[in-house]
Amino acid sequence: MKLHEYQSKKLFERYEVPIPKGRVASTAAEAGQIAEELGGRTVIKSQVLVGGRGKAGGIRLAKNANEAREFAAVILGMEIKGLPVRKVLVDEAVGFEQEIYLSIINDRVNRCPVVMASAAGGVDIEEVAQITPEKIVRININPLLGLQDFQARDIALAIDLPREQWKNFIKILHGLYRVFSETDATLAEINPLVITKDQRMLALDAKMIIDDNALFRHPELNEFRDFDIEAPAEVEARKYGLSFIKLDGEIGCMVNGAGLAMASMDIIKQFGGEPANFLDIGGGAGAVKVSAALRIILSDPKVKVILINIFGGITRCDEVANGLLTAMKEVKISVPVVVRLVGTNAAEGRALLSDANVITADTLVEAARKAVALANGGSL
Ligand code: GDP
Ligand code: MN
């Protein structure tokens, strides 16, 4: 789950990472009001879950409350990289001397978190990473020991941080590491972390991504979920307890079990097809889940064929077949459906489908071949 800047900043505040004064607004009038409270000079920042807002015109510096209102009106009417702006953050404007980049992500190769820092922070950090990667310092954190003071000092030294700022920096880095690990984040980023003209350090921007698989441990983060911007199909799937990930291909997949779902996708690719989604209906899925799954798959206009691969263990093939029949009554299925059922009650399941308008297959290989042929416009 990606968090908006204003949400990430709320978390930062709880972990004593200093942020500018400010509040979020959904209307221009509200933004003007906040700007007035902050003394006029403010930064109006679009809250959308994409990077590069600054370069896209989604961040404006206002000299007074009137300008803040005016800019907020403009920004609230914008779309940035396809996402409508529904909220703006109104922050006190801060004059600064230096922009630093600081982030923590998981380093999969080394199987531990890694801190990345650079003296060349700001909106061009992607370019820095590409052209002068040596300007970005990396230090791995042992997750059992946590961030050590000497590591924080090593980073400060490596980015040539002025000595007077070391104390601030080390405290901020500890806060960032704590918020990263305690919220089960996969990313905690400050870009820019600035040294202000009056020699404070402030996180002017904040970006966090929380691991969806750990969200159940963080009911306090539920308020942050932003249904507007999530793929509607994924929201719908979560409601029914389905694990669904939208992909770009043309073969809709419905499988029970994550491993089998991956294997099914691999085999589809092997035969030259592209899966339209990952979908694990889970163990013991009944008719309600199956018909929800079908509706979700069919909501993707790119889907040209559906491949259903069920290995009945706890899941009963006759239940799945019933779900399919129910769904076919409720939803108009405009694409061919290839079904492979094996395992518990497979014979009953197949019998139920004998009159239905579906293509059956005995093995996964056969099913995948048929699905790919149909997706490519061929016949069987
Ligand atoms: P991003 O473009 O989405 O990463 O948005 P940021 O929040 O990082 O803002 C982009 C740039 O705007 C920053 O790198 C700063 O240079 C500038 N900026 C943001 N907030 C302030 C502020 O309070 N005062 C000033 N002077 N510049 C700011
Ligand atoms: Mn930024």
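Residues are numbered from 1 along each chain as its sequence is written, and chains are lettered from A and ligands numbered from 1 in the order in which they are written. Because the model is predicted, local features need pLDDT of at least 70 and side-chain atom pairs count only at pLDDT 80 or more, while totals for chains, interfaces and linings use all residues; side-chain values use heavy atoms, with hydrogens and water left out. Helices (H or I, at least four residues) and strands (E, at least two) are DSSP runs, numbered from the N terminus.

Four strands make up an open sheet, ordered β2-β7-β3-β4, with antiparallel pairing; two strands pair if DSSP finds at least two bridges between them. At the edges sit β2 (22-25) and β4 (59-62), each of which pairs on one side only. Neighbouring strands here are turned by 20° against each other on average, direction ignored. Between β3 (residues 42-46) and β4 there are four bridges in the antiparallel sense, and Thr-42 faces Ala-62 of β4. Two helices pack on this sheet. Helix α2 (residues 28-37) touches β2, β3 and β7 (88-92), and its direction makes about 170° with that of β2. Helix α3 (residues 65-76) touches β3, β4 and β7, its direction making about 165° with that of β4. Axes are lines fitted to C-alpha atoms, for helices over the stretch in contact (heavy atoms within 4.5 Å), and angles run from 0 to 180 degrees between N-to-C directions.

Strand β8 (residues 96-107) pairs with two other strands. With β11 (residues 185-196) it runs antiparallel over eight bridges, and Gln-98 stands opposite Ile-195 there. With β9 the pairing is again antiparallel, over seven bridges; Asn-106 has Pro-113 of β9 as its bridge partner. The β8 and β9 hairpin has four residues between the strands, and Arg-111 takes a positive phi near 55° in it.

Where in the fold is Ser-118 placed? The residue belongs to strand β9 (residues 112-118). Ser-118 counts as buried because its relative accessibility is 0%, the cut-offs being under 20% relative accessible area for buried, over 50% for exposed and partly exposed in between (1.4 Å probe, protein chains only). Its side chain reaches the backbone nitrogen of Ala-120 at 3.0 Å, and a polar atom of that side chain lies 2.9 Å from the backbone oxygen of Lys-135. Leaving out residues up to four places away in sequence, Ser-118 touches several residues, including Ile-100, Tyr-101, Val-128 and Ile-159.

The largest nonpolar core has 43 residues, and among those with the most contacts inside it are Phe-12, Leu-102, Phe-169 and Ile-190. A nonpolar core is a set of buried Ala, Val, Leu, Ile, Met, Phe, Trp, Tyr and Cys residues joined through side-chain atoms within 4.5 Å. Helix α6 (residues 166-182) gives the most to this core, with nine residues. Neighbours within four places aside, Ile-190 is in contact with Phe-12, Val-17, Leu-102 and Asp-205, among others. A second, separate core of 35 residues includes Ile-281, Leu-324, Val-331 and Val-337.

As for helix α7 (residues 232-239), its buried residues are Ala-233, Val-235 and Ala-237. Their cover includes β14 (243-246) and α9 (287-298). After α7 comes Gly-241, with a positive phi near 70°.

Conventions:
A polar contact is a pair of N or O atoms within 3.5 Å; within protein, one must be able to donate a hydrogen and the other to accept it, and residues adjacent in sequence count only if both atoms are side-chain atoms.
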